Amino acid sequence: MISLPIALPFVVLVLAALAAALGLRRTSVLVWVAAAALMLYSFAGHVTDPLRIAL
Amino acid sequence: MAALARALNALALAGVCGVMLFAFYWQIVRGELPCPLCLLQRAALLGAGLGLALNVRFGASESHYGVVIVSSLAGAAFAVRQILLHIVPDTGAYGSALLGYHLYTWALVAFVVLIAFAGVMLFIEAQFVEGVHALRPTAAAQALGWLFVLIVLANAVSTLLECGFGPCPDNPTGYELLQK
């Protein structure tokens, strides 16, 4: 699994927030979808580490 | 009713901005750098803030509340993961506690509150009658919107400085880009 820069979702969120501030509603929502996908991809790389919980 | 919904969304957005500013205080003044999971929680909170900002800027829409709920669900998953990593007593924790709970526990509380807020707001059907359109924002709403943009930008810059162009170490000790 390729590790993406963790800053990438933030950079994409900046674009989404700017689009919203500039009046581009649909663009903002679409860019947020990309940011959310990047967040979940980054998280997927983290959850492969096993939890060390004694049950 | 649309004006009330807009005011409540603005209030919630102000809350999100306040939480993010507090996170910066914790990072800069107290010197506790956010870990990768902490950063993902920040990103999710900003995503939820974006949904609120869209409601303030364009009027309420189901899809904007969808942005809030999906972002908050993702953020809650990140926070639960971090809580589970440290749930066993005497296995350590990340960062110091605030009022007895660590920041990732407070983050879970914040995400649950945001999901509940969006859920309750969706019951107010009258707010959707006017439909979405570029409302002429009040000066306060406009200022809040640009403050949110600045906070998102500050997070992007801070994360780039801390982690550079790769994944962050689990226990970051400094700003990677500033050390080179």
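At roughly what angle do the axes of helix 3 of chain B and helix 4 of chain B cross? In this predicted model, local features require pLDDT of at least 70 and side-chain atom pairs count only at pLDDT 80 or more, while totals for chains, interfaces and linings use all residues. Residues are numbered from 1 along each chain as its sequence is written, chains are lettered from A and ligands numbered from 1 in the order in which they are written, and side-chain values use heavy atoms, with hydrogens and water left out.

The axes of helix 3 of chain B and helix 4 of chain B cross at roughly 155 degrees and come within 8 Å. Helix 3 of chain B is therefore roughly antiparallel to helix 4 of chain B. Helices are DSSP runs (H or I, at least four residues) numbered from the N terminus, and strands are likewise runs (E, at least two). Axes are lines fitted to C-alpha atoms, for helices over the stretch in contact, with angles running from 0 to 180 degrees between N-to-C directions. Angles under 35 degrees count as roughly parallel, over 145 as roughly antiparallel, 65 to 115 as roughly perpendicular and the rest as oblique. The crossing of these two helices is left-handed, a term used if the near helix is turned anticlockwise from the far one by less than a right angle, right-handed being the clockwise case. Residues making the contact (heavy atoms within 4.5 Å) include B:Tyr65, B:Ala79 and B:Ile83 of helix 3 of chain B and B:Tyr104, B:Leu108 and B:Phe111 of helix 4 of chain B.

B:Tyr104 is located in helix 4 of chain B. With a relative accessible area of 5%, B:Tyr104 is buried; buried means under 20% relative accessible area, exposed over 50% and partly exposed in between (1.4 Å probe, protein chains only). Leaving aside residues up to four places away in sequence, B:Tyr104 touches B:Gln41, B:Ala79, B:Gln82, B:Ile83, B:His86, B:Ala93 and B:Tyr94.

Helix 1 (residues 8–21) of chain A packs against helix 5 of chain B at an angle of about 165 degrees, with the axes 9 Å apart. These two helices are therefore roughly antiparallel to each other, and their crossing is left-handed. Among the contact residues are A:Phe10, A:Val14 and A:Leu18 of helix 1 of chain A, together with B:Trp146, B:Val149 and B:Leu153 of helix 5 of chain B.

Over all chains, five aromatic pairs are found. Rings of Phe, Tyr and Trp (its six-membered ring) pair if their centres lie within 6.5 Å; planes under 30 degrees apart count as stacked, over 60 as edge-to-face and the rest as tilted. B:Phe22 and B:Tyr25 form a tilted pair, 5.8 Å centre to centre with 35 degrees between the planes. Both residues lie in helix 1 (residues 2–28) of chain B, three residues apart, about one turn of the helix. B:Phe22 is partly exposed at 32% relative accessibility, and B:Tyr25 is partly exposed at 38%. The ring centres of B:Tyr65 and B:Phe128 are 6.2 Å apart with planes at 90 degrees, so this pair is edge-to-face. B:Tyr65 lies in helix 3 (residues 62–85) of chain B and B:Phe128 in the loop between helix 4 (103–121) and helix 5 (139–163) of chain B, so the pair ties together parts 63 residues apart in sequence. B:Tyr65 is buried at 0% relative accessible area, and B:Phe128 is buried at 16% relative accessibility.
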